[in-house]
Amino acid sequence: MKKMTFLLLIASLILLSACSSNSEKAATTTDSGKKEITVWAWDPNFNIAALKLAKDRYVAKHPDVTVNIVEYAQNDIVQKMNAGLNSGSTKGLPNVVLIEDYRAQNFLQAYPDSFHDMSSTIKATDFADYKIGPTSYNGKQYGVPFDSGVMGLYVRTDYLEQAGYKVADLTNIDWDKFIEIGKAVKQKTGKEMLTQDPNDLGLIRGMIQTAGSWYLKEDGKTPNLAGNPALKEALLTYKSLFDANIVKMNADWSQFLAAFNSGAVASVPTGNWITPSIKAEASQSGKWAVVPFPKLKNIPESVNASSLGGSSWYVLNSDGQDTAADFLKETFGTDQELYQDMLSKIGIVGSLNAASSGKAYDVEDPYFGGDKVYKKFAEWTKQVPKVNYGLHTYAIEDIMTVEIQNYLNGKDVDAVLKDAQGQAEAQLK
């Protein structure tokens, strides 16, 4: 009887194992043999639109694969990913997820075993160098770099001319020259040079990356505020912009857009993703130009190139990972024609080096006086300094936002950086 019971137990375990195996297979393969993957991303007019183009091209070659695209707000994706991975399971999570570059290291370092190693699937050297830092960890390439957040300085040529300047006068300049020209524009036209929300530190980020510097040291963990010459110079420059009375204040995104769409400011220094928003005001066609982002004057390492934003694609180690990896490889990882379509149809400047030329990049845009602005952005993408965004970009900015308000209200810059350093060290232990 004991022997019979033991044999029945063994048979039951074998049956359960077989059922488990079939259940796992069913997660990615239907009864008809079709494979299925799910992708999470945000922004229907940008990332989701790009996904749909990629899906169409991939499925045309792989009719046995179903690609499900799910849209969530970025914060919701972060929350769902953390909740799922904290539980030690990928159940309920996608096969592919879009992660902002500033947040990537938080996920890769906290859950290194949850992400699929893409080192042998794509070539990291095929992408803009500055995108590799946030998408790799411990010598392995996990992310497939996507859009370039390369920055430019959008300028109103008519306002410049009224002040006695030409586009060439703003090309490859430093911030001191920008302020000098901004004062002249304000005097001659009554227009502020730029619009800024003091609580949005995107401009500070752009400034320090021109020097290959960040809020954190090379380890991506240690605060690098006090004693950071690039950050100090950026703060001094930032305050000089306000002191020069050439900044139109804004409090949110809609006010930011309204400032340049209404013609109230003469320039917009930000990421290339703002191009569609600038072109939204048809009456200003032919009155805009784009030149390189200004550099920091007193920092020798500073260059006229930087980045703001940008994101990359990641595969989770779960059922369907091979299909998911192949989807990324054949689309965002290598497909030059896809990048042409993304640029011409959506306005996305990619970070795949081989896709930085072609008919879409050679288009002369009448809105910008017939200039090939996307070709410029592609060239500048290759020049952006590589930095380690690390683990605490947003945590440190929460501290810096308060301290910068104190600085603008009269607090000494060294005291600001010292106090911010102390707070960061205390909070991020």
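Two strands pair if DSSP finds at least two bridges between them. Helices (H or I, at least four residues) and strands (E, at least two) are DSSP runs, numbered from the N terminus. This is a predicted model, in which local features need pLDDT of at least 70 and side-chain atom pairs count only at pLDDT 80 or more, while totals for chains, interfaces and linings use all residues. Residues are numbered from 1 along each chain as its sequence is written, and side-chain values use heavy atoms, with hydrogens and water left out.

## Sheets

Start with the three-stranded sheet. Its order is β10-β7-β11; it is open, and the pairing is antiparallel. β10 and β11 (288–292) are the edge strands, each with a single partner, so one side of each has no neighbour in the sheet. Neighbouring strands here are turned by 25° against each other on average, direction ignored. Five bridges join β7 (residues 151–156) to β11. Within β11, Ala289 stands opposite Val155.

Helix α14 (residues 373–381) lies across β7 and β11 and runs at about 15° to β11. Axes are lines fitted to C-alpha atoms, for helices over the stretch in contact, and angles run from 0 to 180 degrees between N-to-C directions.

The other sheet has five strands. It is open, with mixed pairing, in the order β2-β1-β3-β12-β6. β2 (65–71) and β6 (144–145) are its edge strands, and each pairs on one side only. Strands β1 (residues 35–41) and β3 (residues 96–100) run parallel and are joined by two bridges. Trp40 stands opposite Val97 in β3.

## A helix pair

Helices α7 (residues 175–189) and α9 (residues 229–243) have axes that come within 10 Å and cross at roughly 0°. They are therefore roughly parallel to each other, a label for angles under 35 degrees. Trp175, Phe178 and Ile179 of α7 meet Thr237, Ser240 and Leu241 of α9. Contact means heavy atoms within 4.5 Å. By class, the contact has four nonpolar, two polar and no charged residues. Ala, Val, Leu, Ile, Met, Phe, Trp, Tyr, Cys and Pro count as nonpolar, Asp, Glu, Lys and Arg as charged, and the others, Gly among them, as polar.

## Pocket and cavity

On a 1 Å grid over the protein atoms alone, a cavity is a set of points where a 1.4 Å probe fits but cannot get out; a pocket is an open set with protein on both sides within 12 Å along at least five of seven lines; lining residues have an atom within 4 Å of a point.

| Space | Volume | Lining by class |
|---|---|---|
| Largest pocket | About 1,100 Å³ | 15 nonpolar, 13 polar, eight charged residues |
| Largest cavity | About 30 Å³ | six nonpolar, one polar, two charged residues |

The largest pocket is lined by 36 residues, and Glu100, Trp253, Trp273, Leu308 and Gly309 are the closest to its centre. Elements giving two or more residues to this lining include α3 (74–86), α4 (101–110) and α10 (253–261).

The structure holds one cavity of 30 Å³ or more. The largest cavity is lined by Trp42, Gln74, Ile77, Val78, Leu98, Ile99, Glu100, Arg103 and Phe107. α3, β3 and α4 each give two or more residues to the cavity lining.

How values were computed: Parallel < 35°, antiparallel > 145°, perpendicular 65-115°, else oblique. Points joined across faces, edges and corners; volume = space filled by probe spheres on them.
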